[in-house]
Amino acid sequence: MATEEVQKHSVHTLIFRSLKRTHDLFVSNQGNLPEIDERLEKLRRSIKAKDGYGLVLDKAAKIGEARKASGAQTPGDKPLAITDGSAVDAASAAGSLVKYNAGARPAEKTAPLVAGTHTSLVRASLANSNGDKSANGTIASHLQLIPKKAPSIPKPKWHAPWKLSRVISGHLGWVRCIAVEPGNEWFATGAGDRVIKIWDLASGKLKLSLTGHVSTVRGVAVSTKHPYLFSCGEDRQVKCWDLEYNKVIRHYHGHLSAVYSLALHPTIDVLATSGRDSTARIWDMRTKANVHTLTGHTNTVASVVAQATNPQIITGSHDSTVRLWDLAAGKSVCTLTNHKKSVRSIVLHPSLYMFASASPDNIKQWRCPEGKFVQNISGHTSIVNCMAANSEGVLVSGGDNGTMFFWDWRTGYNFQRFQAPVQPGSMDSEAGIFAMCFDQSGSRLITAEADKTIKVYKEDDEASEESHPINWRPDLLKRRKF
């Protein structure tokens, strides 16, 4: 007896047929919801009530029983209404809004308001303007409807435009960091040629070169209380230089990789450094002890700043977060995750209790001490390497492509932008700004650039509000919370 040949189908065909049969079976009642089992629904509600309100459930039941026994009205018995306060019948009390009309007598009811004509209700008990008394002898209180005032966007303050004043060349590598001395007589720069140079601020002449680092110098800071200069670099070294002898007197050992930023605490003798080992470290200036290692970031910590009030240490990292630290405990008290890309720069405002953080997506302003978001400053779309702020309310940001943007701190208005000119003989690709800072007076801006020069900018004395007017168009979407 010959066996019949079974037709073989691919797995794909068989699965498709199976799916089609299932679909045909259930297609008639596909949109129907499953029947609700009342017993199960009651059980679910009681479990939810016990879970959420277990501690006060019995009290609520007792109050309800007591109300029933005394015959008192329960809160849900009567519909709520906003009325003008005078005696009105129950029918009209069922929910019409009465518009305040100063000239009308209490008996003359104005027509109920049409929904959507006003933006907000503000309760105001005002006397009748004619001094009319109501039937019971009291002056009728009215509900006044005042439209809510729209939040006003402040107008930006006028700032003079900035212009290039001096170009200083002398370094043999990219200039990576700047620090101005507290007396405002000289400033220090560190570069890829491993040398720290001291320059006269007024004349731009070289005063001194300090050698000792074996790799790029990434950070310099001058102490306000001691004759010390601190420096850090890609050689993992943090050095303290005595400027009376121009020699290194202390080394701070502990970083496991390149050190990218350092900051001095303004009131206590501690030093904060941060780097590529994803940590920030707090050092005792005198004993060289590593007091705290601030861990929590998951990538290079590119920027660290210190201030006298809490949060005393703020760090920005390539993991796109900003962290606020408790210096006494050595712990992170707040992590700001609003940025989408790496944060390369943080700047404190000299007089306001605020700071700004820069990332390629946005510059964001925050209010201390809790790190409350204030506003976005959008427009500088390149990688923002550095920022500086002065007490006049000028915020400057410098980009990796050599662009400089000048902003009004309060409103985020961009009043000037330009491309920094490269030194003759340099390639255009070397137009990058790595660091910037204002001098102590806030009237000179010093930038460190990729064309191996230091540029000094000053305000244009001849400019006025007439020659450079504010072209301000408030952007309503500017204060988006992200």
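Glu 392 counts as partly exposed, at a relative accessibility of 46%, in a model that is predicted rather than determined by experiment. The residue lies in the loop between strand E22 (384-389) and strand E23 (394-399), and it forms a salt bridge with Lys 157, for which the closest N and O atoms are 3.7 Å apart. Because the criterion for a salt bridge is a side-chain nitrogen of Lys or Arg within 4 Å of a carboxyl oxygen of Asp or Glu, this pair is included. Lys 157 is placed in the loop between H3 and strand E1 (162-169), so that the pair links distant parts of the chain, 235 residues apart. Lys 157, with a relative accessibility of 45%, likewise counts as partly exposed.

A search of the whole structure finds ten salt bridges. In general terms, side chains of opposite charge can pair when their charged atoms come close. Among the pairs found is that of Arg 218 with Glu 234, where the closest N and O atoms are 2.7 Å apart. This pair, too, links distant parts of the chain, with Arg 218 in strand E6 (residues 217-222) and Glu 234 in the loop between strand E7 (228-233) and strand E8 (238-242), at a separation of 16 residues. Arg 218 counts as buried because its relative accessibility is 16%, whereas Glu 234, at 31%, is partly exposed.

A further salt bridge joins Asp 269 to Arg 286, the closest N and O atoms being 2.9 Å apart.

Val 56 is located in the loop between helix H2 (38-53) and helix H3 (57-70). The relative accessible area of Val 56 is 43%, and this residue is therefore described as partly exposed.

Terms used
Residues numbered from 1 in each chain as written. Predicted model: local features only at pLDDT ≥ 70, side-chain atom pairs only at ≥ 80, totals over all residues. Heavy atoms only, no water. Helix = DSSP H or I, 4+ residues; strand = E, 2+ residues; numbered from the N terminus. Buried < 20%, exposed > 50% of the residue type's maximum accessible area, 1.4 Å probe, protein only.
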